[in-house]
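Here is my note on the model, written as numbered points. Please keep the sequence and the 3D view open while reading.

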Amino acid sequence: MKITATENGPLRVEGAGELELYDHDGSPVDLEGRDTVYLCRCGGSTNKPFCDGTHSKAGFDGARAAVQSQDA
Ligand code: FES
């Protein structure tokens with residue numbers, strides 16, 4: 001599985017066929033057999049946890065570079 005933060009957009013998850021995704025109360029999210037999914041990271045999607053393109057209209061500005069460790 002590979003997760004990529006797209007530029008000013010969602011997280012692209014490739015290899016999602018092996019992913020188990022759950023919502024806040026533990027209910028499974030149906031990935032409908034898709035191998036690649038896009039997860040919202042701007043908070044604006046009306047189709048969470050998936051991206052619906054709202055980040056473009058909202059002018060979402062993602063981080064320029066990821067920190068190199070969780071403790072940074
Ligand atoms: S990242 Fe696309 S709608 Fe949030």
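1. Start with a loop. Asn8 sits in the loop between β1 (2-5) and β2 (11-14). Its phi is positive, about 55°, although Asn8 is not a glycine. Asn8 counts as partly exposed because its relative accessibility is 22%. The class runs between two cut-offs: buried means under 20% relative accessible area and exposed means over 50%, with a 1.4 Å probe and protein chains only.

2. A word on the source. This is a predicted model, with residues numbered from 1 along each chain as its sequence is written. Local features need pLDDT of at least 70, side-chain atom pairs count only at pLDDT 80 or more, totals for chains, interfaces and linings use all residues, and side-chain values use heavy atoms, leaving out hydrogens and water.

3. Now the overall layout. The protein chain has one helix and three strands. Along the sequence the pattern reads β-β-β-α. Helices (H or I, at least four residues) and strands (E, at least two) are DSSP runs, numbered from the N terminus. The C-alpha atoms fill a box of roughly 30 × 30 × 25 Å, taken along the principal axes.

4. How much of the chain is buried? Of the 72 residues in the protein chain, 24% are buried. The chain exposes about 5,300 Å², and carbon and sulfur atoms supply 47% of that area. The areas come from the Shrake-Rupley method with a 1.4 Å probe; for residues, only the protein chains shown count as cover.

5. Next, contacts, meaning heavy atoms within 4.5 Å. Take the contacts in the protein chain with a separation of 6 or more: residues 24 or more positions apart account for 29% of them.

6. Glu14 gives a local example. Glu14 lies in strand β2. Its relative accessibility is 27%, so Glu14 counts as partly exposed. Setting aside neighbours within four places in sequence, Glu14 is in contact with Met1, Lys2, Thr4, Asp35 and Thr36.

7. Glu32 is in the loop between β2 and β3. Glu32 is not a glycine, yet its phi is positive, near 50°. Is Glu32 buried or exposed? Glu32 counts as exposed because its relative accessibility is 60%.

8. Check the peptide bond from Lys48 to Pro49. This bond is cis, with omega near 10°. Pro49 is found in the loop between β3 (36-39) and α1 (54-58).

9. Arg34 lies over the face of Phe50, at 4.8 Å from the ring centre. The rule asks for NZ of Lys or CZ of Arg within 6 Å of the ring centre and within 35 degrees of the ring normal.

10. Then the cysteines. The structure holds zero disulfides, a disulfide being a pair of cysteine sulfur atoms within 2.5 Å. Cys42 counts as partly exposed because its relative accessibility is 27%. Cys51 is also partly exposed, since its relative accessible area is 23%.

11. Last, the annotation. Over residues 14-61 the chain is 10% helix and 10% strand. The end C-alpha atoms of this stretch are 22 Å apart.
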